[in-house]
Amino acid sequence: MSDIRFTYVPGDGIGPEVGAAANNVLHAMAEKYGHELKIDKHLIGGAAIDAMGTPLPANTLASCQETGAILLGAVGGPKWDHLKGADRPELGSLLPLRKELNLYTNIRPAKPHPALMDNIPLRPEYLQGVDFIVVRELTGGIYFGKKGRDNLGAYDECRYSEAEVKRIAVKAFELARTRRKKVTSVDKSNVLETSRLWREVVIKTAEDYPDVELEHLLVDAMTMHMLTRGQEFDVILTENMFGDILTDEASVLCGSMGVIPSASLSDGKVGMYEPIHGSAPDIAGQGKANPLAMILSASWMLRTSFGLDDEANAIDAAVDAALSGGHTTGDLGGSLSTSDVGNWIGEYVRG
Ligand code: IPM
Ligand code: MG
């Protein structure tokens, strides 16, 4: 019996719907395993702009810092598209949260579920055995460099320190050790100086991991290799913007963005967990949104921030059963609503 205290930031669009389904599943888990849930719910993104005039209110940030475990829905939508820079829901909330909590390791898995093979626009031989994880550096690079306008145009500076590259490389090698022991580092070292530093530091880090195989690929080539020989990758290590692009591409290998969770981690147990999909404003409020990625994000939080492996495994098994049995929303060929899926998985967890 223990308290599970986390910050819940549903955000915008379908965020609150998939969030409600995930919280429903968490309540079922808590009942079954005798835990007490303490959910600090806060505004973020567009919802926070509307209510408080800022995408990341001080009390939201304070709660995230205090609990160190954050379950996030999604932020943004057409209503706030006219806003610029840090006034925007995504830029003004996600990026500062990543920076303030030092969430430098972003992890996004790619493993097609057998029940979703027909959703994937690639021949089955390209999908069999695909099981890799992208480790994306999340608090450096072009996202956080100096940006601006001058009389010549606009600029976004890309910088990496040796220490920033080293710590994310260590995460990738450590993760590879728990898996198939291979790291593929992705850069653009034929053009970019930051990529040359990246490659040097990764090669040096690899010396401490002689049991892990290391290969390097240029990012443009990687966009092809990911789809044509995805089976050969285990841990893909890359910098912030390349990781942003490659993880969207990787989601194609999984049949749906609606089933992929992600974790943004600092050192220790501090982490933010969220689906990789966005706020999907076109289907918001209709009960159509697929909550599986959010539910898997919640189980990832249990495992990583609270060390509750059995509880997380029970939720993952329930999601697996929902997928295999077709207890899904319309995007995956099922006929259930968002809350129906949450209820079904909650019941399965209760056993
Ligand atoms: C992601 C998103 C964000 C990013 C946006 C919304 C700022 O695309 O988490 O991948 O670019 O990091
Ligand atoms: Mg992205």
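Biologist: Does H7 pass H8 in a left-handed or a right-handed crossing?

Modeller: A crossing is right-handed if the near helix is turned clockwise from the far one by less than a right angle, and left-handed if anticlockwise. H7 passes H8 in a right-handed crossing. This is a predicted model: local features need pLDDT of at least 70, side-chain atom pairs count only at pLDDT 80 or more, and totals for chains, interfaces and linings use all residues. Residues count from 1 along each chain as its sequence is written, chains are lettered from A and ligands numbered from 1 in written order, and side-chain values use heavy atoms, without hydrogens and water.

Biologist: At what angle do the axes of H7 and H8 cross?

Modeller: Helices are DSSP runs (H or I, at least four residues), numbered from the N terminus. Axes are lines fitted to C-alpha atoms over the stretch in contact, and angles run from 0 to 180 degrees between N-to-C directions. H7 (residues 219–228) and H8 (residues 240–252) cross at roughly 15°, with axes that come within 10 Å. That makes H7 roughly parallel to H8 (under 35 degrees; over 145 is roughly antiparallel, 65 to 115 roughly perpendicular, the rest oblique).

Biologist: Which residues of H7 and H8 make the contact?

Modeller: Contact means heavy atoms within 4.5 Å. H7 brings Val219, Met222, Thr223, Met226 and Leu227, and H8 brings Phe242, Leu246, Glu249 and Ala250.

Biologist: Which helices cross obliquely?

Modeller: Take H1 (residues 15–33) and H10 (residues 309–325). Their axes come within 11 Å and cross at roughly 130°. H1 is therefore oblique to H10. Val25, Leu26, Met29 and Tyr33 of H1 touch Asp310, Glu311, Ala314 and Ile315 of H10. H10 also crosses H11 (residues 338–350), at roughly 125°, with axes within 9 Å. H10 and H11 are therefore oblique to each other. This crossing is right-handed.

Biologist: What does H10 meet in H11?

Modeller: Trp344, Ile345, Tyr348 and Val349 of H11 meet a set in H10 that includes Ala314, Ile315 and Val319. The contact of H10 with H11 has eleven nonpolar, no polar and no charged residues (Ala, Val, Leu, Ile, Met, Phe, Trp, Tyr, Cys and Pro are nonpolar; Asp, Glu, Lys and Arg charged; the others, Gly among them, polar).

Biologist: Which residues are around ligand 1?

Modeller: Glu90, Leu94, Leu95, Arg98, Arg108, Arg136, Tyr143 and Asp244, each with a heavy atom within 4 Å. Look at the side chains. A polar atom of Tyr143 lies 2.5 Å from an oxygen atom of ligand 1. For Arg98 the distance to a ligand oxygen is 2.8 Å. For an N or O atom of the Asp244 side chain, 2.9 Å separates it from an oxygen atom of ligand 1.

Methods: Helices (H or I, at least four residues) and strands (E, at least two) are DSSP runs, numbered from the N terminus. A polar contact is a pair of N or O atoms within 3.5 Å; within protein, one must be able to donate a hydrogen and the other to accept it, and residues adjacent in sequence count only if both atoms are side-chain atoms.
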